[in-house]
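Have a look at it first, then read on.

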Amino acid sequence: TQRRLANGNKKGPVRVLGGAGTGKTVVAMHRAKWLAENAATDKSRVLFTTFTRNLAADIQQNLNKICSQEALERIEVMNLDAWVISFLKKQGYDYGLLMDSQEEKRLWENAYSEKPASADLSLGFFQEEWARVIQPQSVHNVDEYKKASRIGRGTRLNRQQRVDIWPVFERYRHLLASNHLKEADDVYRDARNLLQSNPELRPNLGSVIVDEAQDMGTQAFMLIRALVP
């Protein structure tokens, strides 16, 4: 299966699963090589993306060893955060990516002060609710939050309780905006919306290869899907 995939005999989207050290990244690199040599053109390149900058650098070094210069020119290797920020900055985007954990902690502690006294919920609860419910489902207001699915969340909340605690999330989003910051999920969503509203901005990509996909969330995959026709 790995040989067929690397050699291009598998068409369309595919997911390769395996434990650490089983060769998934090697297969992905040979897939990128095959696409660059057989399917890509100067107007239909290959994006090889991953979650971390260090891994992207390692992949680029290994591709340098197995690809011709012509093939390398048709493969762009970049971690997803760097790619999306670069793309948005070219469109005049005026936000930075929240990467400082101390800054994130400070903003959450400030937002937590909006918690109603009647709600016996920890700061950690709000952070997890944000990451597991609000961001993946693109919840932007209290009405959307009242309808959002909370499957898998241990703490039950009725509609009125959701209304009561919503100011914490609203405050956190306001603090991000006032500091010209956005989380990665917000940046992915903004880029996807921009591409869908302005198809002419779509980059000249024919294929996207994702390594370490388990580290990416819903908004990242929705953006990746929007990158190719």
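The largest pocket holds about 1000 Å³ of space. A pocket here is an open set of points on a 1 Å grid over the protein atoms alone, where a 1.4 Å probe fits, with protein on both sides within 12 Å along at least five of seven lines; lining residues have an atom within 4 Å of a point. This is a predicted model, so local features need pLDDT of at least 70 and side-chain atom pairs pLDDT 80 or more, while totals for chains, interfaces and linings use all residues. Residues are numbered from 1 along each chain as its sequence is written, and side-chain values use heavy atoms, with hydrogens and water left out.

**Largest pocket**
- Of its 28 lining residues, Val14, Arg15, Val208, Ile209 and Val210 sit closest to the centre.
- Helix 2 (24–38) is the top contributor to this lining, with six residues.
- Strand 5 (205–210) and helix 11 (218–227) each supply at least two.
- The lining splits into 16 nonpolar, five polar and seven charged residues.

**Second largest pocket**
- This one has a volume of about 410 Å³.
- Among its 19 lining residues, the closest to the centre are Phe51, Glu183, Ala184, Asp185 and Tyr188.

**Helix 6 and helix 7**
- The axes of helix 6 (101–112) and helix 7 (123–134) come within 10 Å and cross at roughly 110 degrees.
- That makes the two roughly perpendicular (65 to 115 degrees).
- Trp108, Glu109 and Tyr112 in helix 6 meet Leu123, Phe126, Gln127 and Trp130 in helix 7 (heavy atoms within 4.5 Å).

Key: Axes fitted to C-alpha atoms, helices over the stretch in contact; angles between N-to-C directions. Helix = DSSP H or I, 4+ residues; strand = E, 2+ residues; numbered from the N terminus. Parallel < 35°, antiparallel > 145°, perpendicular 65-115°, else oblique. Points joined across faces, edges and corners; volume = space filled by probe spheres on them. Nonpolar A, V, L, I, M, F, W, Y, C, P; charged D, E, K, R; others polar.
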